[in-house]
Amino acid sequence: MTIFERIIRREIPADIVYEDDHCVAFRDVAPQAPVHVLIVPRLPLVNVAAAGAEHGELLGRVLLAAAEVARRLGVAESGYRLVLNNGEDAGQSVHQLHCHLLAGRPLGWPPG
Ligand code: AMP
């Protein structure tokens, strides 16, 4: 079981900012921006590469949840970045699909 599954089960603490039937969103423990939230589907997929056509609706719900989190945290107008790290070269460290929402400062492009 990943650490994110344990957060979703309320076995370990996290600063949960949003949840619905499909996703739970909580603040990243090591924030890289003033607003840094992880949106995690309750269904524990490893990453996008592990998703199949049957997960299409769920992936859409992750993005819609991210947009809702941005509205609730007041960064929808100023802008935000969504990131899904997938695999080793992307630096994925928690092997449960999650979407980073970063906001609250100008974000450089391309990322390092
Ligand atoms: P990734 O590198 O895309 O797999 O991102 C994993 C993220 O999870 C990192 O930004 C970590 O800081 C974050 N993280 C790890 N453990 C926790 C935790 N217990 N609560 C909140 N965020 C965490």
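This is a short talk on the fold of one chain and on one histidine in it, His36.

A caution before the rest: the model is predicted.

I'll start with the overall layout. The chain has 2 helices and 5 strands. Read from the N terminus, the order is α-β-β-β-α-β-β. The radius of gyration is 13 Å, close to the 13 Å that the globule rule gives for 112 residues, so the chain is as compact as a globular protein of that length. If you want dimensions, the C-alpha atoms fill a box of roughly 35 × 30 × 25 Å along the principal axes.

Next, contacts and surface. Take the contacts between residues at least 6 apart in sequence: 52% of them join residues at least 24 apart. Of the 112 residues, 38% are buried. The chain exposes about 6500 Å², and carbon and sulfur atoms supply 53% of that area. On charges, there are 10 positive and 13 negative, and their mean positions are 5 Å apart.

Now to the histidine. His36 sits in strand 3, which covers residues 35-41. Is His36 buried or exposed? Its relative accessible area is 5%, and the cut-off for buried is under 20%, so His36 counts as buried.

What is around it? Leaving aside neighbours within four places in sequence, His36 is in contact with Phe26, Arg27, Asp28, Ala30 and Pro31, and also with His100, Leu101 and Leu102.

Note on methods: Residues numbered from 1 in each chain as written. Predicted model: local features only at pLDDT ≥ 70, side-chain atom pairs only at ≥ 80, totals over all residues. Heavy atoms only, no water. Helix = DSSP H or I, 4+ residues; strand = E, 2+ residues; numbered from the N terminus. Rg over C-alpha atoms; globule rule 2.2 N^0.38 Å. Buried < 20%, exposed > 50% of the residue type's maximum accessible area, 1.4 Å probe, protein only. Contact = heavy atoms within 4.5 Å. Areas by Shrake-Rupley, 256 points an atom, 1.4 Å probe, with all protein chains shown as cover. Lys, Arg positive; Asp, Glu negative; His and termini not counted. Charge placed at Lys NZ, Arg CZ, Asp CG, Glu CD.
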